[in-house]
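Subject: Structure handover

Hello,

The structure is below, with notes on what was found in it. Please read the notes alongside the coordinates.

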Amino acid sequence: MEEFKVKCYRKSELAYLYFPDLSQDSGVQKLMRWIKKCTELYARLQAIGYNVQCQCLSVQEVRLIVEYLGEPYV
């Protein structure tokens, strides 16, 4: 098992790490639901300039996601 690396990820890449059994679209949708459901995480992401339309997540955004949701399986 590899160690998870905090770096820039496309939403689809990060979603795949969390939900490898789902299709790309379903995985992204589920990850976004989890993020929005965690209101404190979503607020902190918005505070650092998170853009829902952007397909890439910055290192800082990924770090926050992992802080709240835990590391994905890799």
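At what angle do helix 3 and helix 4 pack, and how far apart are their axes? The angle between helix 3 (residues 39–47) and helix 4 (residues 59–69) is about 170°, and their axes are 10 Å apart. Axes are lines fitted to C-alpha atoms, for helices over the stretch in contact, and angles run from 0 to 180 degrees between N-to-C directions. Helix 3 and helix 4 are therefore roughly antiparallel to each other (angles under 35 degrees count as roughly parallel, over 145 as roughly antiparallel, 65 to 115 as roughly perpendicular and the rest as oblique). Glu40, Leu41, Arg44 and Leu45 of helix 3 make the contact with Glu61, Leu64, Ile65, Glu67, Tyr68 and Leu69 of helix 4, where contact means heavy atoms within 4.5 Å. These residues divide into 6 nonpolar, no polar and 4 charged (Ala, Val, Leu, Ile, Met, Phe, Trp, Tyr, Cys and Pro count as nonpolar, Asp, Glu, Lys and Arg as charged, and the others, Gly among them, as polar).

On provenance: this is a predicted model, in which local features need pLDDT of at least 70 and side-chain atom pairs count only at pLDDT 80 or more, while totals for chains, interfaces and linings use all residues. Residues are numbered from 1 along each chain as its sequence is written, and side-chain values use heavy atoms, with hydrogens and water left out.

The protein has 4 helices and 2 strands, in the order β-α-α-α-β-α from the N terminus. Helices (H or I, at least four residues) and strands (E, at least two) are DSSP runs, numbered from the N terminus.

Helix 2 and helix 3 pack at about 95°, with their axes 5 Å apart, which makes helix 2 roughly perpendicular to helix 3. Helix 2 contributes Ile35, Lys36 and Lys37 to this contact, and helix 3 contributes Thr39, Leu41, Tyr42 and Leu45. The division here is 4 nonpolar, 1 polar and 2 charged.

Back in helix 4, Glu61, Val62, Leu64, Ile65 and Val66 are buried (under 20% relative accessible area, with a 1.4 Å probe and protein chains only). Their cover includes strand 1 (9–10), helix 1 (11–18), helix 2 (24–37), helix 3 and strand 2 (56–57). Just after helix 4, Gly70 has a positive phi of about 85°.

For the whole protein, buried residues make up 34% of the 74 residues. The C-alpha atoms fill a box of roughly 30 × 25 × 20 Å along the principal axes. Among contacts between residues at least 6 apart in sequence, 57% join residues at least 24 apart.

Regards

Key
Buried means under 20% relative accessible area, exposed over 50%, partly exposed in between (1.4 Å probe, protein chains only).
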